[in-house]
Amino acid sequence: MDQVQVGVFLSDGGNQLTKILDYNAITEFVKKVAGVVFVARGSEFWRGQGLQTMVDAIREGKVNRVVVAETLPKLSEVKIANAIEDAGLNHYLMEFIDLKDHCASPHQKTPSEATEKAKAMLLGAIERAKLLEPLEKLEFPALKSSLVVGGGIAGMQTAIDLADFGFEVSLIEKEPFLGGLAAQAGRFFPTDDCAICIQSPSSDIKTITHTSRKCVYRSGFTEIPNLNILTNSRVVAVEGVPGNYKVTVEKTPRYVDEDKCVQCDLCTAVCPVEVPDEHNARLRTRKAIYINVPHVHPPTYVIDGSVCKFHDCAKCVDICPTKAVDLDQRSEKVTMSVGSIIVATGFKEFNSSAIKEYHYGEYPDVVTNLELARMIDGFGPTGGVVVRPSNMKPAKKIVMIQCVGSRDQRYKPYCSSICCMISIKHATLIKSAYPNSDITICYIDIRTTGREHEYYYEKAREMGIKFVKGRPTEILRDPEKGKLIVDVEDALLSRFLELEADLVVLAPAMIPADGAKKLAEIIGIETEEDGFFKEYNAKLRPTETKLKGVYIAGGATFPKDAPTTSLHAHSAAMKAVKFLHTGKIVKDQRTAVINEDYCGDCEFCPVTCPYGAITLEQKDGEHFVAKVSDLLCEGCGICVGTCPQNAIELRHCRTDQMQAQMKALMSINGTSKPLVLAICCSECGHAAVDSSGMAKMEYPANVRVMKVPCVGILQVHQFLDAFKAGAQGVMVVGCKIDGCHYEVGSQKTEKKVELTKILLKEYGVEPERLEMLNMVFIEGDKFAEAAQMMTERLEKLGSLQTFGGS
Amino acid sequence: MEKEKLKIAFYWAASCGGCEIAVLDINEKILDVVAAADIVFWPVALDFKYKDVEAMPDKSIDACFFNGAIRTEENEHIAKLLRRKSKILVAFGSCACDGCVVGLANLWDRETVFERAYSETPSTNNPEGTTPKTLLEVKEGKLKLPEFYDTVKTLSQTVDVDYFISGCPPPIPCIIQTFQAILTNNLPPKGSSFLPNKSICDECPREKKDKQLSEIKRIYEIDDDFKTCLLDQGVICMGPATRAGCGAQCPNVNMPCTGCNGPGPRVTDQGAAALSAIASIATNPEVINQVVDPIGTFYKYSLANSILRRKVMKK
Ligand SMILES: Cc1cc2nc3c(=O)[nH]c(=O)nc-3n(C[C@H](O)[C@H](O)[C@H](O)COP(=O)(O)OP(=O)(O)OC[C@H]3O[C@@H](n4cnc5c(N)ncnc54)[C@H](O)[C@@H]3O)c2cc1C
Ligand code: SF4
Ligand code: SF4
Ligand code: SF4
Ligand code: SF4
Ligand code: SF4
């Protein structure tokens, strides 16, 4: 490589900083540092004349490494990076420091100390800059296609968006029919219109307007040419990389040809097998060949293979006028290549029979919300009449119990968030249809946080629905009359009530769909402790997962109502489009690289990489070596911080660069206090240091800051090296343990720090000299305080005498 | 004309003597060595005096294999002497390379070592409390004895070293390779080690699993299946942080690697490398507290060559 020629650009912020920092002394110092060939001082370098000076110096070939000390760091760093890239210098050859917030501001009371620290900071940046190397841009091909798993409203809406955008979309649903919960719920609050209503696709050309929405079976979305719908199907394997996943789907047979069935219903008349209809709360039966309701998709009957007698019967085969029934269909495996995967598997009701005192499953007149919804639905088993399942007579007195399994430490500690509204909806629907019904809702708290929701609740009260604050202790059954009694303490009036009921409706907790965990494992994403899919960042990236190209939508992440589900669905679709729309994935090679000669195949790094970017490969038919996928690697360095052979380097933060900077920072003190090295992650840790400076919080100038991508990159030897380089104390500043931008970096390094403290003690070195802090941006005060306290602690401990001896 | 035979030397400083035996463990290959080289100095086997070495011209020894750490003034003196007299100086064995068990004395200093060795141990009978002195008056005159240092050093902390071959003792195939390289003048770049670049795990036949360390166990606490990686069974194994060469002898016979080959080629501190890796796979904070005797476990062979090198003694 060419000889390094470092240009140093020193901004004084228009004399802002000259009152504190002696710029003449600093400039003179910098000029003498080996490798520095060009020094410019100005009021700013991120725009105007200052930036031009830098660009010219690069264009004229005077400098090939740039060190910038600016006073407006966050904004200017990007501008300068873009400008030097345009001038022909790879922007990874720039090193950037902030003499204002990291030096002048916090040390304004000790100007001469601040000046010495500025020299050390510049020296550190220069020494690091000398070792920088350019990083390439990488391009990976990406397919403009998606697989959507789950055919509820989330999955359908996402599929429509993506298909409308022109992606090839496959929507797979494990059940024989689409719709998910919406197909069972009948009506949806707060508008009380049909639950099974979705936004029409733009390909529904004849009737589309920008407000167009229709029920699933009329919407025309099933006719979008680039949307392939597979029901009765499950994902069994996922391989490949973001932008190019290879998915295997297993399709269980329907036994009825979708292209031939004409919904004549002749088959159900002849089918001899009759079983309880699960879709309809077992309040009626269905045949082995059946359809849920006429308005479903696909509009094709299906045979339940677990009960059908097949060729011992074959009556439906004979009667079918279009020869649509094929009893010899076999399950088949379909493979497809897709650029992205959207998981929209929804949720389901918790099994309330676990709560013995409510006797669900034992007393037929104790039902759940979903079962009640089937009764209220005109297409349901009772034609819209709410009955007592024990005798199928109308139920007049109804008691509803909220939080069944939810907000209960024994079962699900969380609030399922939609069941208050569901119960209120059911109560008002029943009350409107049967004004003299007597409905009581027993609740702990009523949660109606959405728009219009509180109004909905008020309306219910006005209609005469009674609300009792209390969690019922038991449901009893009068053995003679068969009536139910609900025991509850009314907490507001402090009295025990025995509520008589024809029907008790439970509002069970909502839990993840069956098989969610398995699906997560197949795809390689995570679920939370509660079993729902884990979002990449709950606040900012709620529909992304840590795997690029895999998104989550709707109830799969947590119970949601339909409006929130729709928001999610559109967001997930947008994310997939953003990721794939150019047909390629472009990224900087800011990745880890493993030196095969030194990798000892210990297989630690594949386990600690939070992004599954490392795999083992056999070389020359003998040794296994670890290998990083440039596509998957996020560049955190956690693998570097793990590798016991030091076989891994981060291209944008190499060990030699860190060492050089560390030594330089520790080579100049200029204060009477013990030197402290603060190693900060470039995310919240460094931001906390910024914010302490911005708020002009003071801490002593003996504290020196070094930035790394994530504290996860740090190894125990770096702490020891810092002491050897002259640090009397070391602070490691990372993100909050569960707020780490790279998932596990803070957590892993916290353990390294703890172990190092134990080790230091054995070495006779006070463990208090090393400290790990976890901060967010706004905790600049915490940083300043910790820096101050570390300094005071070290002053008490006295100087650290170590190393070698004779 | 017959080629002139090479001149080689062996020396032991602060060591157990195992390295000397290892030289003989190359069995019949020793005959090739003797055929190609003259042994000009080997205190453990042949009768030479220091003055014989002093009399040799500088750089007249072609290769010197130096085992043992630098514990005393005598060790240092001879290390310097042999350096001067040898073209190639090889740090032979863990003591010379990394300080080895001898180096664990760096957790103490001269005073505390003497205290322990010359008065405290149950087998000591020393009513006068005699400890080694550097100067002794005897009737023939003043006797000067070599000083016992506070801190054990490695050979390369004392003199310039050309090649390294660590291990306690070095693995036999690597010793053979070393001799062959020197006898055939087929030498790697200065500073190289004659051990492979990989780690023990590379040579270990045990099957690696998911590496989720939730509890640290001692070897007697597990029901070893003789197949699964010991770390995957919860036992601390130094294999991942230890340079290959021995063919994973210990894990092969159901004992965890304790690290005698020293750190990998890019690692400066073996214990720190092991600690980083172990901390990274610990699934809960309790694991950290289960680490007992971190220096004895992770620095058994490399304390003297570690970044901090010795314990800070509070006076
Ligand atoms: C009783 C009840 C009443 C409700 N009432 C209202 C209301 O009035 N107003 C309102 O806004 N919201 C209401 N909701 C909430 C509403 O139903 C949900 O917001 C919405 O259905 C969520 O849609 P989804 O697509 O995320 O999940 P779901 O509707 O659960 O759909 C998920 C789909 O994925 C399929 N699936 C699951 N796993 C797999 C797999 N591994 N492979 C393939 N497919 C799979 C399922 O079979 C299902 O079809 C109610 C919910 C219930 C339970
Ligand atoms: S073959 Fe199966 S589905 Fe058809 S009529 Fe017979 S039992 Fe019913
Ligand atoms: S939404 Fe209401 S009923 Fe459901 S868990 Fe929360 S508080 Fe309980
Ligand atoms: S941690 Fe290091 S030695 Fe172990 S497999 Fe990964 S790269 Fe290889
Ligand atoms: S740098 Fe981070 S993302 Fe990349 S391979 Fe290493 S641990 Fe994985
Ligand atoms: S037993 Fe030890 S040497 Fe073998 S693979 Fe496991 S850690 Fe490595």
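# Notebook: a look through chains A and B

**Entry 1, helix α12 of chain A.** The model I am reading is a predicted one. Next I looked up the helix itself, which covers residues 453-462 of chain A. Which of its residues are buried? I noted A:His453, A:Tyr456, A:Tyr457 and A:Ala460. Down the axis of α12(A), these buried residues fall within an arc of 100°, so they line one face of the helix. I then turned to the face pointing away from the buried side. There I found A:Tyr455 and A:Glu462, both exposed. What covers the buried residues of α12(A)? The cover includes α11 (419-433) and β27 (466-469) of chain A.

I located A:Cys267 in helix α8 of chain A, residues 266-270. Is this cysteine buried or exposed? Its relative accessibility is 9%. Buried means under 20%, so A:Cys267 counts as buried. I listed its contacts, leaving aside neighbours within four places in sequence: A:Ile289, A:Tyr301, A:Cys316 and A:Ile319. I also checked A:Ser353, 86 residues from A:Cys267 along the chain. The C-alpha atoms of the two are separated by 35 Å.

The largest nonpolar core has 175 residues. Which members touch the most other members? They are A:Leu21, A:Leu99, A:Leu122, A:Val247 and A:Ile341. Helix α5 of chain A (residues 111-130) gives this core its largest share, nine residues. I followed up A:Leu122, not counting residues up to four places away in sequence. A:Leu122 touches A:Val8, A:Leu10, A:Ile26, A:Val30, A:Val67, A:Ala69, A:Ile97 and A:Leu99. Another core, of 57 residues, lies apart from the largest one. Among its members are A:Leu283, A:Ile418, A:Tyr456 and A:Ile511.

I moved on to residues 676-681 of chain A, strand β39. Six of its six residues are buried. Side chains in a regular strand alternate between the two faces of the sheet. Here A:Val676, A:Ala678 and A:Cys680 point one way, and A:Leu677, A:Ile679 and A:Cys681 the other way. Which strands does β39(A) pair with? Six bridges join it to β40 (residues 703-708) of chain A, running parallel. A:Ala678 has A:Val705 of β40(A) as its bridge partner. Five bridges join β39(A) to β41 (residues 729-734) of chain A, also parallel. In that pair, A:Leu677 stands opposite A:Val730. β39(A), helix α17 (residues 684-694) of chain A and β40(A) make a right-handed β-α-β unit.

**Entry 5, an open sheet in chain B.** Five strands of chain B form an open sheet with parallel pairing, in the order β2-β1-β3-β5-β9. Which strands stand at the edges? They are β2 (37-41) and β9 (163-165) of chain B. Each has a single partner strand, so one side of each is left without a neighbour in the sheet. The twist averages 25° from one strand to the next. At one end, three bridges join β5 (residues 86-92) of chain B to β9(B). B:Ala91 stands opposite B:Phe164 there. Helix α2 (residues 29-36) of chain B packs on the sheet, touching β1 (6-12) and β2 of chain B. Its direction makes about 85° with that of β2(B). Helix α4 (residues 73-85) of chain B lies across β1, β2, β3 (61-67) and β5 of chain B. Helix α4(B) runs at about 140° to β5(B).

Definitions and conventions. Residues numbered from 1 in each chain as written. Chains lettered and ligands numbered in written order. Predicted model: local features only at pLDDT ≥ 70, side-chain atom pairs only at ≥ 80, totals over all residues. Heavy atoms only, no water. Buried < 20%, exposed > 50% of the residue type's maximum accessible area, 1.4 Å probe, protein only. Helix = DSSP H or I, 4+ residues; strand = E, 2+ residues; numbered from the N terminus. Pairing = 2+ DSSP bridges. Right-handed = clockwise from strand over helix to strand, strands pointing away. Axes fitted to C-alpha atoms, helices over the stretch in contact; angles between N-to-C directions. Contact = heavy atoms within 4.5 Å. Arc of directions from axis to C-beta. Core = buried A, V, L, I, M, F, W, Y, C linked by side-chain atoms within 4.5 Å.
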